[in-house]
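Visitor: I have a model open here and would like to talk through some of its details. Could you take me through it step by step?

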Amino acid sequence: MAVIVSAEVESGGLFTKDWSRLDSITASATDSGKSALNKKQLLSKKLGSGDLKNHKEEMLSSKLPKEERNKVKRSASRPYHNPYQPVLEPVTDGDPVFAAGKRIFQSMQSERLAAAFRECRSVWRTTEIFSDEMKSGTIVGRNMTLEKEFLRMNNYEADPAEVRPPEILSKALDLILEKYRSSQVDYIYMVKQFKSLRQDLLVQGIRNEISVRLYEEHARVAIQCRDVGELNQCLTQLKDLYRTVPSADEEEFVAYSLLYEIYATFVSSSSNRRNLLKNLIEVYGRPTKSDHVSFALKWRSALSLNEYWKVHGLIEDARGLKNGNLLVGLTNFMMAPVRSKALLTMAKGFRPFVPVDTIVRRLGLGTRTEGVSFVEGLGAVLGEDEDGEVAMNCKESVSKIRVQKPERITAMGGS
């Protein structure tokens, strides 16, 4: 019905401005609405959906002049095309403009790939990722210099004349350790020498007792100088080396690794907690546990259960072990939150006062002056107890004590 009306409007009324004709057409279409609907239902029964569509087009074209009818037929036989949208014809290599652009694009891509490959090789060298060629030990060093400056290698092949052989590397390690212990060199110089030694071992594919000793000594020096970044790198490499190269000091560095993971859980998120759990599973699976590992496990248990009164005793026990000062050095990274949390626990659990002498003794603070400074630094309120001794007012201090965060120690011992 609507199609017929529009056709009549275009042919008789709309273009001639004959509004009376338009009104009569509209009225007749309204009166014959039911009959047109019935005709449509009959047609839909006799014809399918496709035939009904063609029948509508024939009805439309029958009401138009011949010239307009031809336009309708042509538009029905081809898809609609926007006249304002240009037609993009397919191009091939035969087109000279297309061929030139293709060559330029390919040359740019090859240059980008080459630059990316050079960058990957540089990263591969500096992050100490072993390739099959390096693992085979094809490079044999010929440099006899004991001390050599560390330079990052960007070439795929290392020059054997610039690489030191294993026997020279062992002597170089003894020399720089002797200089460091006699205070002839500083820690920054030591780090550069350690990295130079590690690089020479890497390019020759050496993974033996020299490699283990180098990383062990570097880890010990890193603990002394509070360089957590280098310590983490050394412990990661040692964990891999111990699978193939045994060491008499392996248990000592397993304890260092546990203490480092405990420290990392204080500083960072749950990912470090997963690493700690993995290490604990491996440690508990060992048939025997040394004194170093036992100390690390007791330290972890005391912190997790908030048994602060055990902390000072554990530190005193650790001082009697081999390299016990290094164990104590690692625990010092965590002492700020441990002691502040212990003070808050004491304020909640005691009433009305806790003597400063008791706080000093329980937390291992040293002298009364240090104890007073520590308590006041955390915001606690001091007063006098019934005996006239300097003590912490527990009730007033509970809401004022600030639990400290651990030190965020970065490379080269910076905080």
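Visitor: How many bridges join β2 to β3, and which way do the two strands run?
Guide: This is a predicted model, in which local features need pLDDT of at least 70, side-chain atom pairs count only at pLDDT 80 or more, and totals for chains, interfaces and linings use all residues. Residues are numbered from 1 along each chain as its sequence is written, and side-chain values use heavy atoms, with hydrogens and water left out. As for the strands, β2 and β3 (residues 390-393) are joined by 3 bridges and run antiparallel. Strands (E, at least two residues) and helices (H or I, at least four) are DSSP runs numbered from the N terminus, and two strands pair if DSSP finds at least two bridges between them.

Visitor: Which residues face each other there?
Guide: G383 stands opposite A391 in β3, and E384 has V390 as its bridge partner. The two strands form a hairpin with 5 residues between them, and G388 in the turn has a positive phi of about 80°.

Visitor: And what is the strand order in the sheet?
Guide: The sheet is open, with 3 strands in the order β1-β3-β2 and antiparallel pairing. β1 (353-355) and β2 (382-384) stand at the edges with a single partner strand each, so one side of each is left without a neighbour in the sheet. Neighbouring strands are turned by 45° against each other on average, direction ignored, where axes are lines fitted to C-alpha atoms (for helices over the stretch in contact) and angles run from 0 to 180 degrees between N-to-C directions.

Visitor: What packs on that sheet?
Guide: Helix α18 (residues 356-363) does, touching β1, β2 and β3, with its direction at about 60° to that of β1; contact means heavy atoms within 4.5 Å.

Visitor: Changing topic, where is P352, and is its peptide bond cis or trans?
Guide: P352 is found in the loop between α17 (335-349) and β1, and the peptide bond from R351 to P352 is cis, with omega near -10°. Most residues other than glycine have a negative phi, and most peptide bonds are trans. S183, although not a glycine, has a positive phi of about 60°, and S183 is found in the loop between α8 (166-181) and α9 (187-203).

Visitor: How do α12 and α16 sit against each other?
Guide: The axes of α12 and α16 (residues 324-332) come within 10 Å and cross at roughly 10°. That makes the two helices roughly parallel, a label for angles under 35 degrees, with over 145 counted as roughly antiparallel, 65 to 115 as roughly perpendicular and the rest as oblique. The contact is made by E252, A255, Y256 and L259 of α12 with L326, L327, L330 and T331 of α16.

Visitor: What classes do those contact residues fall into?
Guide: They divide into 6 nonpolar, 1 polar and 1 charged, where Ala, Val, Leu, Ile, Met, Phe, Trp, Tyr, Cys and Pro count as nonpolar, Asp, Glu, Lys and Arg as charged, and the others, Gly among them, as polar.
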